[in-house]
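These are my notebook entries on what I looked up in the structure. I began with a helix and then turned to the core, the backbone angles and the cavities.

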Amino acid sequence: MSKTTNTVYLNGQFLPIEQASISVMDRGFLFGDGVYEVVPVFGNKLLRPEGHLKRLQNSLDRISLDNPHTVTEWQAVFANLLDHNPGDDRAIYLQISRGAYARRDLRANQDCAPTIFAMVLHVTPPDIDVLSAGISVITVDDFRWNACDIKSTSLVANVMLKQQAADAGVDDAILIREDHVTEGTASNIFLIRDGVLITPPTGHQLLPGITRDLVIEIAKNNAIIVEEREIKEIELQDADEIWMTSSTREIAPVINLNGQAVGRGVAGSVWKRMMDLYQQYKQHLRDNEAVPPE
Ligand code: PDD
């Protein structure tokens, strides 16, 4: 993800980003009182828009905020934004906050128009050679709240955890709560042990990633056994492979954990196979109108 483009969507209008402004009383700004989504776009096709909109609805329901748009209206916003901001691989970022009250007040009890914002992010497709080199991570204490299934714009805890990784000189962190793996700072975690793909179950302690869903589906359709179950921290040490998945990162192989090699210390064979299948899925999406087979 790098530069943003010119035309953004704000509260029903498409306008140059320089002209898009919101109130300093916006609850998104004051409290992080809002939710967001990041939807990858390959060619001109959105990756699983229905999954992203469903997760958005879940986030909105969890914070008791009405969805300001129908699915059809969202689709029109996305199509319009993509037209305004041409390119190949992109992503749509959208966020909805509870809007601006006249006074700073934690109570969310007023009838108030939400602030609806969306923009296109230009994405550099992950270079397979760079990805294959793998990443190094550390484990850190997951001190976040018990509502991590909400894709909330309140991300200060994730910022702090990512910074812990940066301060340790590594790329990212795997979060541990009560001796169990939850997720990454902005990704889901998979582990390979004896050819079986294992990932923690969804719930309040992690975000149900759309990439996570896709990886599970692709695995099942290609005879890779999948287990959705709790992962003990100690299991990380014996993993043959560890992956981090997200819309922007796709599937990143972890080759070093807390200074120790993961498996053989290089991207593993199951990762290579999954990456191939994932790239085929993307290419199919780019080339076809119909939903591709997984
Ligand atoms: N974040 N867990 C967390 C905490 C995340 O922030 C993300 C993604 C994921 C993976 O979800 P998905 O596969 O749907 O991208 C898991 C996005 C990319 C972000 O904040 O930019």
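I took exposed as over 50% relative accessible area, buried as under 20%, and partly exposed as in between (1.4 Å probe, protein chains only). Helices (H or I, at least four residues) and strands (E, at least two) are DSSP runs, numbered from the N terminus. The model is predicted: local features need pLDDT of at least 70 and side-chain atom pairs pLDDT 80 or more, while totals for chains, interfaces and linings use all residues. Residues are numbered from 1 along each chain as its sequence is written, and side-chain values use heavy atoms, without hydrogens and water.

I then listed the buried residues of helix 7, among them Val-270, Trp-271, Met-274, Tyr-278 and Leu-285. Seen down the helix axis, the buried residues fall within an arc of 165° and so line one face; the arc is that of the directions from the axis to the C-beta atoms.

**Nonpolar core.** I noted that the largest nonpolar core has 42 residues, and that Ile-174, Trp-243, Ile-251 and Met-274 are among those with the most contacts inside it. Such a core is a set of buried Ala, Val, Leu, Ile, Met, Phe, Trp, Tyr and Cys residues joined through side-chain atoms within 4.5 Å. Helix 7 provides the largest share of this core, eight residues. I checked Ile-251: beyond its neighbours within four places in sequence, its contacts include Leu-131, Val-215, Trp-271 and Met-274, contact meaning heavy atoms within 4.5 Å.

**Positive phi.** I recorded a phi near 50° for Arg-48, a positive value in a residue other than glycine. Arg-48 lies in the loop between strand 4 (45-46) and helix 2 (49-62) and counts as buried at 14% relative accessibility. Glu-250, also not a glycine, has a positive phi of about 60°. This residue is in strand 14 and is buried, with a relative accessible area of 2%.

**Cavities.** I looked for sets of points on a 1 Å grid over the protein atoms alone where a 1.4 Å probe fits but cannot get out. The count came to two cavities of 30 Å³ or more. Twelve residues line the largest cavity, including Pro-40 and Phe-42; lining residues have an atom within 4 Å of a point. Strand 3 (34-42) gives the most to that lining, four residues.

Notes:
1 Å grid on protein atoms, 1.4 Å probe; cavity = no way out; pocket = protein on both sides within 12 Å on 5 of 7 lines; lining within 4 Å. Points joined across faces, edges and corners; volume = space filled by probe spheres on them.
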